[in-house]
Amino acid sequence: MRLIIMGQQAFGKACLEAVLGKGKDEVAAVYCAPDRENKPLDPIKEYALEKGLTVVQPPNFKDKEVLDEMRSFKADLCVMAFVTLFVPETAREIPTHGSICFHPSLLPKHRGPSSINWAIISGTTRTGLTIFWPSDGLDEGEILLQKKVDVDPDDTLGIVYFQKIFPLGVEAVVEAIDLVRSGNPPRIKQDESKATYESWCRHEHAEIDWTKPVSEVFNLIRGTNPQPGAWTTHKGDVLKIFDCTIVEATGSPGEIKEVSEQGVTVCANGGGILVQRVRPVDDKKIHASEYASNFGLSSGEILGE
């Protein structure tokens, strides 16, 4: 088939590499986001140019000129691998077989842009990815295929995405293209009764409430590591918390129970969090014990006040 590969960043590039590596289909064009001033080239654009492919970076998918250009490629399928710009039906239906899209959750659960964050924050033990036929509703199209991944007790956002969903997602994109090429690919309607939606997981959602059960605090930290980073305050300044484990501890919410070479133990409801890696304001990530030494953090202090 003739393909339009539409994507961004490392995942988009990896999908493009996989398609070219398989060698079954011709990439008619690569679509990616417009360049950003004073920012490096998007990896998918850089790679596409190295391979001599046509790169298109439209500011939208509504203008007649943009749609006419898409038609000129005479594509059989558009593969959307990590796309943040809205692509309306008029554009998606230009290829002969329409468009398919990657989403890092088991739709219809966790529709929205921060699906892995919220899955981990909710305490799930299983999530996954979906390749679907996008509609104009956010992540609401029919399902082509799904893959599940386990979320282990200590898994962070970074582990779930980079070590599990990312590589499996690249394989799933290639498998989905094969299904379309073979004819009569699945189109499974999503069960709206099971649908959930969450918006971006931002800084304001990542503030730690030490009065919450220790498991909820732990899940929030895991689900925002590395981005946007769970945080509390110390002496009025934001302190981001990354690597940690649950330990036994009793005390007031947010109380520093112990400072040791292993880290800083902070009390929550029903236990404690052994904080191992933090990032002070306008600084790099450092070990929690180093932070305690540099910033005068000691037992008995209360975080988050």
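Me: In this predicted model, why does Thr232 count as buried?

Reply: The relative accessibility of Thr232 is 1%. The cut-off for buried is under 20% relative accessible area, so Thr232 counts as buried. Thr232 has its place in strand 8, residues 230-234. Leaving aside neighbours within four places in sequence, its contacts are Trp210, Asp237, Val238, Leu239, Ile241, Leu303 and Gly304.

Me: What makes the pairing of the side chains of Thr232 and Trp210 a polar contact?

Reply: The distance given for the two side chains is 3.0 Å. A polar contact requires a pair of N or O atoms within 3.5 Å, and the side chains of Thr232 and Trp210 make such a contact.

Me: Why are helix 1 and helix 2 called roughly parallel to each other?

Reply: The axes of helix 1 (residues 9-22) and helix 2 (residues 43-50) cross at roughly 30° and come within 7 Å. Angles under 35 degrees count as roughly parallel, and the two helices are therefore described in that way. On the helix 1 side, the contact is made by Gln9, Ala10, Gly12, Lys13, Leu16, Glu17 and Leu20; on the helix 2 side, by Pro43, Ile44, Tyr47 and Ala48. By class, this contact has 7 nonpolar, 2 polar and 2 charged residues.

Me: How do you know that strand 10 and strand 13 pair?

Reply: Strand 10 is joined to strand 13 (residues 271-275) by 4 bridges. Pairing requires at least two bridges, so the two strands pair, and they run antiparallel. Within strand 13, Leu274 is the bridge partner of Thr245.

Me: What makes strand 10 and strand 11 the edge strands of their sheet?

Reply: The sheet is open, with 4 strands in the order 10-13-12-11 and antiparallel pairing. Strand 10 (244-247) and strand 11 (256-260) each pair on one side only, and they are the edge strands. Neighbouring strands of this sheet are turned by 20° against each other on average, direction ignored.

Me: Which strands does helix 8 lie across, and at what angle does it run to strand 12?

Reply: Helix 8 (residues 288-295) lies across strand 11, strand 12 (263-268) and strand 13. Its angle to strand 12 is about 90°, and angles of 65 to 115 degrees count as roughly perpendicular.

Terms used
Residues numbered from 1 in each chain as written. Predicted model: local features only at pLDDT ≥ 70, side-chain atom pairs only at ≥ 80, totals over all residues. Heavy atoms only, no water. Axes fitted to C-alpha atoms, helices over the stretch in contact; angles between N-to-C directions. Contact = heavy atoms within 4.5 Å. Parallel < 35°, antiparallel > 145°, perpendicular 65-115°, else oblique. Nonpolar A, V, L, I, M, F, W, Y, C, P; charged D, E, K, R; others polar. Buried < 20%, exposed > 50% of the residue type's maximum accessible area, 1.4 Å probe, protein only. Polar contact = N/O pair within 3.5 Å; in protein donor to acceptor, adjacent residues only side chain to side chain.
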